[in-house]
Every structure is written in C-alpha cells, then in structure tokens.
Amino acid sequence: MHVLRCPRCGIELDLLAKQHTCPRCGEPLLLKAELRVPEGGGLESLVPDGLKLVTLGEGRTPTVELGNYLFKLEFLNPTGSFKDRGASLSISRALKLGFRMVIEDSSGNAGISTAAYSARAGLKARVYVPKDAPQGKLRLIRAFGAEVVTSETRDEAHKRAVSDTSGFYVGHVVDPFFIEGIKDISLELYSVRRDLEVVVVPVASGTLFLGLLKGFEELRELGLIDEVPTLIPVEACGYSKLRGYLRSVYLECAESDKSLLADALRLTIVPRLRQIVEGALRAKAPYVAVVGDRAIGEALKELYSLGLPVEPSSAATYAAAKYVAKDLSTRVVVPLTGSGLKYVPVPSEPLDRYLFGAQ
Ligand SMILES: Cc1ncc(COP(=O)(O)O)c(C=O)c1O
Ligand SMILES: [Zn+2]
C-alpha cells in the first residue's frame, strides 16, 4: 500500500490526496510504499495499486561503458529525455483523479513529456515555458497538441503555472509521483552493475538527484546493496542553488558568468532544495560541480565524437564526470539525460502542415 509522506515532519496522507506539498509544514511530499525486491526495473512494478499506468514504453535504457565512464542513455526514452519516466506516473495519477486538463512548467523536456503522456491519456495540457527555450523543444510540445505559454524566465513560468487553476498542476518540481518514476533509473542501474561507486547528477529541480537517491536508499534498506553510491550534483554556471551548502568546484565558470548552453538547468526556484541539500550529505557528495559554457561546449563536441547525440545540459554532466574521474580516480556513472536531436533544425515547411495544421 502506497501513501504520500512528508520527508520533513513525517505526516502521511492518502495516496490519492490531491496535494503535492505537506499541509502541515509545506515541504514537497514523496511516495512511501512497502518495499519489494525490484525485478530489473520497469514502471509496471512501481505504479501504485489501483492506478492504470499511462505508458509509451519508457525506461529500460541501455548502458554503455567507455573507458572510465558508464553512460546511461536516458536520451533514448520515447520523447528523448529521462523525464518520460516521471511523466508516466504523474499523468497516471492525474487520470485516476479524474482531471481533464493538466498544467506544467518546464524548460522544455518535462513539458514535452507531459504533452506526450497527456496526449496518450486523452488529457489536455498547458505548458508554461521561458521565452528563450529551444525552438525544437517548443515545437515538440505543440506537436503533441499541448498549449505553450511563454514567460520572460524559467522562474516566471513556474510562478504563473502554480497560479493557473484551470487544470491539475503536475509540476515535476513538486509532484511526488514524478520522482517515483525517476527512481526506476537506480533500479535499472542496480540490475546491470552491483559495484557502482560514483554517479554525477545534473540538478535543476532535483527530481533526478532525489529519484536516484530514493532508489538507492531503498535498495540498501532491502539489503541488496551495502552502500548508496556517492552522488555528485552538477549545476550550470550562474544557476547554482547548492553554493553555500556544499563546497563548489567551478569548471570554466567565473563569478559573473551565466550559462547560455545549459538551457535545461536554469531554474533557481527549487521547492525541494532542502531535500537536495540533505540528500547530498547523505549521499556523501564531496562537492557540487558548477560548469560553464566553455567546458560544456568542449564536452559536447567530445560526446558527439563518441557517437552520442546529447543536448548541452547533458554535456555539462560529462564535463563534471571528467573532473570527478580524475579527482577521485574512479569509474563514474554518467546519466545522459536529454537528446541532441531536438537541437538539429530540419527543413519543415511540408512537415508543418501535418504537425501543426495550415498556417
Ligand atoms: C536534459 C536534462 N537534464 C537534466 C535536467 C535536470 O533535472 P531535474 O529538474 O530533475 O533536476 C533536466 C531538467 O529539465 C533536463 O531536461
Ligand atoms: Zn510536513
């Protein structure tokens, strides 16, 4: 039996309460369930009883070992990012609760996943985005039939989305079901390798960081692993939230720089910040890597030269991994979270007629 649980004050709520945050202390909630030994991952085993899984075949992504790095190819999910795993459970819940429309705010990828899984479930979706989100991402959200509302900044998009009452807010930055879907990544990693020591994790709202940590902590609770791997957060230069809480290692990032390349990591309002900071301590993170555009650009070039078509935010993760592999002389797990195919423009005039209707 699953419940919603506040990780701060411990209060438990019915799984189908419509809240994301604790009614007593305001902290974003998490799911809690009786733990079961995972059978190689897969959201079917994580969906709470009584919910019908809205699925597009997400998950079970490959791992590729190259030198010191174990890449987890999350960009091979149905819409090209790890967010599909979270959206699958978030939209399953919205459907179960009887909503006809959902609201999300996103730098792009979570909006694409929400739009796709809403389309699959027959729900309407509205996605608030920053006005400078990559065109390829916005076009995909629209192609899935969702409405796109642009705001000045990523943070402004978040504020507007939470005050939109015309549908159920499924914002991944607070939705506990979203993190439960992301957790699947650790179960899959565990099914491939039992000797993981260090994972570098890109952090914007922290769903990947907290999802991985939740999965590894549950594996430890089940007695399947002795120790949670060290999780090292990675942030974009100019958008660090963990500065001041953890030692910062700056990679080509000067005080006044602001990353233009890492568009998926430019969030500063982070409702789960407290959980990320506490989680980083529990996961023994020795520091946070804060990565600037030169390092991101070079890492991106290198990943393409290896045949890995990822987006710039994922190259930030690889840039950090290179530093960590040397610094700790260890093999590093690198989740490659988003696809670079969304950034490659295509001649689209004849295609647009079908995807978006006559213009
Ligand atoms: C490609 C990519 N990587 C990493 C992240 C960071 O994820 P989170 O918000 O879970 O911290 C995002 C979020 O938008 C993303 O799109
Ligand atoms: Zn609470």
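Reader: Hi! Before we start, what counts as a polar contact here?

Author: Hello! A polar contact is a pair of N or O atoms within 3.5 Å; within protein, one must be able to donate a hydrogen and the other to accept it. Bear in mind as we go that this is a predicted model.

Reader: Thanks! So which side chain does Thr-337 make a polar contact with?

Author: The partner is the side chain of Ser-314, at 2.9 Å.

Reader: And where is Thr-337 in the chain?

Author: Thr-337 lies in the loop that runs between E14 and helix H11, which covers 349-356.

Reader: Is Thr-337 buried or exposed?

Author: Buried: the relative accessible area of Thr-337 is 7%, and the cut-off for buried is under 20%.

Reader: What does Thr-337 touch, leaving aside residues up to four places away in sequence?

Author: Glu-74, Phe-75, Gly-80, Ser-81, Phe-82, Pro-202, Leu-208 and Ser-314.

Reader: Nice. Let's zoom out: what domains is the protein chain divided into?

Author: Domain 1 is 1-34, domain 2 is made of 63-79 + 182-341, and domain 3 is 83-176.

Reader: How many residues of domain 2 and domain 3 are in contact?

Author: On the domain 2 side there are 20 residues, and they meet 23 residues of domain 3. The two domains bury about 1800 Å² between them, with carbon and sulfur atoms giving 48% of that area.

Reader: Which three residues of domain 2 supply more of its buried area there than any other three?

Author: Those are Thr-79, Arg-266 and Ile-269, which together supply 30% of the area that domain 2 buries against domain 3.

Reader: How many salt bridges are found across that interface?

Author: The rule finds 6 between domain 2 and domain 3. There are also 11 residue pairs in polar contact across the interface, both residues at pLDDT 80 or more.

Reader: Which helix gives the most to the side of domain 2 that touches domain 3?

Author: Helix H6, residues 184-192, with 3 residues. That side of domain 2 as a whole has 7 nonpolar, 5 polar and 8 charged residues.

Reader: Why is H6 described as largely enclosed?

Author: Because 7 of the 9 residues of H6 are buried, the helix is largely enclosed by the rest of the structure. Among the buried ones are Asp-184, Leu-187 and Tyr-190.

Reader: Last one: what do the buried residues of H6 pack against?

Author: They pack against strands E4 (63-66), E5 (69-72) and E14 (332-335), along with helices H1 (83-96), H5 (176-182) and H7 (207-221).

How values were computed:
Residues numbered from 1 in each chain as written. Chains lettered and ligands numbered in written order. Predicted model: local features only at pLDDT ≥ 70, side-chain atom pairs only at ≥ 80, totals over all residues. Heavy atoms only, no water. Domains from an automatic or database assignment. Contact = heavy atoms within 4.5 Å. Buried area = accessible area lost by both parts, 1.4 Å probe. Salt bridge = Lys/Arg side-chain N within 4 Å of Asp/Glu carboxyl O. Helix = DSSP H or I, 4+ residues; strand = E, 2+ residues; numbered from the N terminus. Nonpolar A, V, L, I, M, F, W, Y, C, P; charged D, E, K, R; others polar. Buried < 20%, exposed > 50% of the residue type's maximum accessible area, 1.4 Å probe, protein only.
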